[in-house]
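This briefing covers helix packing, aromatic rings, charges over rings and selected residues. Please read it alongside the sequence and the 3D view.

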Amino acid sequence: MTEMSYNQFQQFRSLIYEKLGIAIADHKQQMIQARLKKVMGYLGISVYDDLYKCLLNDKDNKCWSIFVHEITTHKTDFFREYNHFNFIQDRIDFILNLNKRIELNKEIRVWSAGCSTGEEPYTIAMILKEVLAAEISIKILATDISPQVIDKAQRGVYNLQLEDIGDYFKSRYFVVKKDGLHIKDDIKKLVTFRTFNLMEPFPFKNKFDIIFCRNVMIYFDIPVQEKLTIKYYDVLVPGGLYFVGHSESLANREHKFNYIQPTIYSK
């Protein structure tokens, strides 16, 4: 397989930005080339131009699905950036007071945007199960652009060490089987997984009480970040919370959110 030319890199970089919103820096050419080689290996394609044509004319979505999975990053863990979950546990009264809708309607609606293989939304489900009254219905939407990671998330089977989740959560919310730890059904039923591209219009009829979009914005440039932040604001209820990753911030970005503490904002 030949090396990718700079012009070919520019073609793929433009396509990635146009369709996925991901900004690829000049110095990332070798990384993109390595990921594209994996895609081409899966598809039996040996020429970069043929892959590009396949992506432009992908009728059955197979080419695009593999491409998206390899281009995007899927790093995640249970209880990742645990201070967000501590905030929900320690300040649930503050959250319920800020957003009266939750207790009034006896439901909480959460969106995990960029959920990867499901660890984040399942952690949210476990924490909310711990702190909310039993009569409050927990509804979590978890989305990712990669069909492959959504498939894994829906299975809810993980190869975990005990220290990854702790003895309490393991015994309460997982079933130990030969092939790994299985999320219990009473947690799985709280989460609905869907493939979704954040660059598309948001189709939601009902607004959310909490949105998690963590370690996703770092892959976008400032204009895309600001557009997404406006869209997130619009689909939150008044008093709703917006969580971003520790390496992210709304500082020096156009937005209407109220600052609560680092990486946590409210509408």
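Helices (H or I, at least four residues) and strands (E, at least two) are DSSP runs, numbered from the N terminus. By that assignment, I264 belongs to strand 10 (residues 264–266). The model is predicted, with local features needing pLDDT of at least 70 and side-chain atom pairs counted only at pLDDT 80 or more, while totals for chains, interfaces and linings use all residues. Residues are numbered from 1 along each chain as its sequence is written, and side-chain values use heavy atoms, with hydrogens and water left out.

**I264**
- I264 is buried, at a relative accessible area of 0%; buried means under 20% relative accessible area, exposed over 50%, and partly exposed in between (1.4 Å probe, protein chains only).
- Apart from neighbours within four places in sequence, I264 is in contact with H84, F87, Y242, F243, N258 and Y259, where contact means heavy atoms within 4.5 Å.
- Between the C-alpha atoms of I264 and R109 there are 17 Å, and the two residues are 155 residues apart along the chain.

**Helix packing**
- Helix 1 (residues 6–20) packs against helix 2 (residues 29–43) at an angle of about 80°, and their axes are 11 Å apart.
- Axes here are lines fitted to C-alpha atoms, for helices over the stretch in contact, and angles run from 0 to 180 degrees between N-to-C directions.
- Helix 1 and helix 2 are therefore roughly perpendicular to each other (angles under 35 degrees count as roughly parallel, over 145 as roughly antiparallel, 65 to 115 as roughly perpendicular and the rest as oblique).
- Helix 1 contributes Y6, F9, F12 and I16 to the contact, and helix 2 contributes Q29, I32 and L36.
- By class, this contact of helix 1 with helix 2 has six nonpolar residues, one polar and no charged ones (Ala, Val, Leu, Ile, Met, Phe, Trp, Tyr, Cys and Pro count as nonpolar, Asp, Glu, Lys and Arg as charged, and the others, Gly among them, as polar).

**Aromatic pairs**
- Rings of Phe, Tyr and Trp (its six-membered ring) pair if their centres lie within 6.5 Å; planes under 30 degrees apart count as stacked, over 60 as edge-to-face and the rest as tilted.
- The count by this rule is 29 aromatic pairs.
- One of them is the stacked pair of F85 and F212, at 5.9 Å centre to centre with 15° between the planes.
- This pair links distant parts of the chain, with F85 in helix 5 (residues 83–90) and F212 in strand 7 (residues 208–213), 127 residues apart.
- Both F85 and F212 are buried.
- Y242 and F257 have ring centres 4.9 Å apart and planes at 20°, so this pair is stacked.
- Y242 is in strand 8 (residues 236–244) and F257 in the loop between strand 8 and strand 9 (258–261), 15 residues apart.
- Y242 and F257 are both buried.
- Ring pairs join F79, F85, F87, F94, Y168, F169, Y173, F212 and F243 into a cluster.

**Charges over rings**
- R91 lies over the face of F94, 4.2 Å from the ring centre; a charge sits over a ring if NZ of Lys or CZ of Arg is within 6 Å of the ring centre and within 35 degrees of the ring normal.
- K267 lies over the face of Y233, at 4.7 Å from the ring centre.

**Positive phi**
- F79, a residue other than glycine, has a positive phi near 55°.
- F79 is placed in the loop between helix 4 (62–71) and helix 5, and counts as buried at 16% relative accessibility.
- S116 is not a glycine, yet its phi is positive, at about 55°.
- S116 is located in the loop between strand 1 (107–113) and helix 8 (119–131), and is buried with a relative accessible area of 4%.
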